[in-house]
Every structure is written in C-alpha cells, then in structure tokens.
Amino acid sequence: MRCYSMHTSPFSAKPDAAEQNETDRLVGEGIRGLRKARGLSLKDIAQSADLSAGFLSQIERGLSSASVRALARIADSLGVMISDIFPRSEERRVGKECRSR
C-alpha cells in the first residue's frame, strides 16, 4: 500500500526517485533471472532483442530504464510475456513503511 502525505493524493502523486530506482532494479533482476534460468548470455539476448549487451547489462543491474518497446523485445527473446519481467506486488518494497511528515 502506498503512503501519502496530506499534500499528495493517489491520483496526483508521481513516484519518487527511490521508487523509480527500486522498480528498475526489480525489473532488471527479473530479466537476469529469466535469462540465467534459460542458460542464455547477455550477448544472446542482446542480439535477439537488437540491443547492445552493455545496455542490457545496465537494465539488468537497474542502472537504466528500458522503454516498453525494449522490454517487449527482451521478453520476446526470453520467450515470456512482458508481464513476466515485472515484479509482483509482494516483491515491491518501496512504500512498505510510511514516514509521518
């Protein structure tokens, strides 16, 4: 459950930088896990998805955000649905604790 201060609402709040970074990290971990489970290298997926191995590595480490188009190509290269690379709600840790303001 997301926490809001009295100055924000669930309809107007943008994710903060920490939440965006956590999402990037979890998506990257999902991609890496799927890739390794299939015994594929970064180079294999990068070539198949028409991305550079360096960019794919950055995505896997949570250092870069991928576009929806790039995520769809990665998912296709892994033989999964795009939703399979996103973290499940119980995996998300950002917002677990609410700080009073």
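In this talk a residue is called buried when its relative accessible area is under 20%, exposed when the figure is over 50%, and partly exposed in between, with a 1.4 Å probe and protein chains only. By that rule Asp-50, at 66% relative accessibility, counts as exposed. Asp-50 is found in the loop between H2 and H3, and its phi is near 60°, a positive value in a residue other than glycine. Most residues other than glycine have a negative phi.

The model is predicted, and local features need pLDDT of at least 70, side-chain atom pairs count only at pLDDT 80 or more, and totals for chains, interfaces and linings use all residues. Residues are numbered from 1 along each chain as its sequence is written, and side-chain values use heavy atoms, with hydrogens and water left out.

Let me turn to the chain as a whole. The protein chain has four helices and zero strands, where helices are DSSP runs of H or I with at least four residues, strands are runs of E with at least two, and numbering starts at the N terminus. Along the sequence the pattern reads α-α-α-α. Of the 101 residues in the protein chain, 28% are buried. The accessible surface comes to about 7000 Å², and carbon and sulfur atoms hold 51% of that surface; the areas come from the Shrake-Rupley method with a 1.4 Å probe, and for residues only the protein chains shown count as cover. A contact means heavy atoms within 4.5 Å. Among contacts with a separation of 6 or more, residues 24 or more positions apart account for 61%.

Next, the helix packing. Two packed helices are described by the angle between their axes and the distance between the axes. Axes are lines fitted to C-alpha atoms, for helices over the stretch in contact, and angles run from 0 to 180 degrees between N-to-C directions.

How do H2 and H3 pack? The axes of H2 and helix H3, residues 53-60, come within 9 Å and cross at roughly 110°. H2 and H3 are therefore roughly perpendicular to each other, given that 65 to 115 degrees counts as roughly perpendicular, under 35 as roughly parallel, over 145 as roughly antiparallel and the rest as oblique. On the H2 side the contact involves Leu-42, Ile-45 and Ala-46, which meet Ala-53, Leu-56, Ser-57 and Glu-60 in H3. These residues divide into five nonpolar, one polar and one charged. Here Ala, Val, Leu, Ile, Met, Phe, Trp, Tyr, Cys and Pro count as nonpolar, Asp, Glu, Lys and Arg as charged, and the others, Gly among them, as polar.

Beyond its neighbours within four places in sequence, Glu-60 is in contact with Gly-28, Glu-29, Ile-31, Arg-32, Arg-35 and Leu-42.

The second pair is H2, residues 42-49, with H4; these helices pack at an angle of about 120°, with their axes 9 Å apart. That angle makes H2 oblique to H4. Ile-45, Ser-48 and Ala-49 of H2 make the contact with Arg-73, Ile-74, Ser-77 and Leu-78 of H4. By class, four of these residues are nonpolar, two polar and one charged.

Finally, Arg-69 has its place in helix H4, residues 68-78. Arg-69 is exposed, with a relative accessible area of 64%. Arg-69 and Ile-82 are 13 residues apart in sequence and 10.0 Å apart in space, C-alpha to C-alpha.
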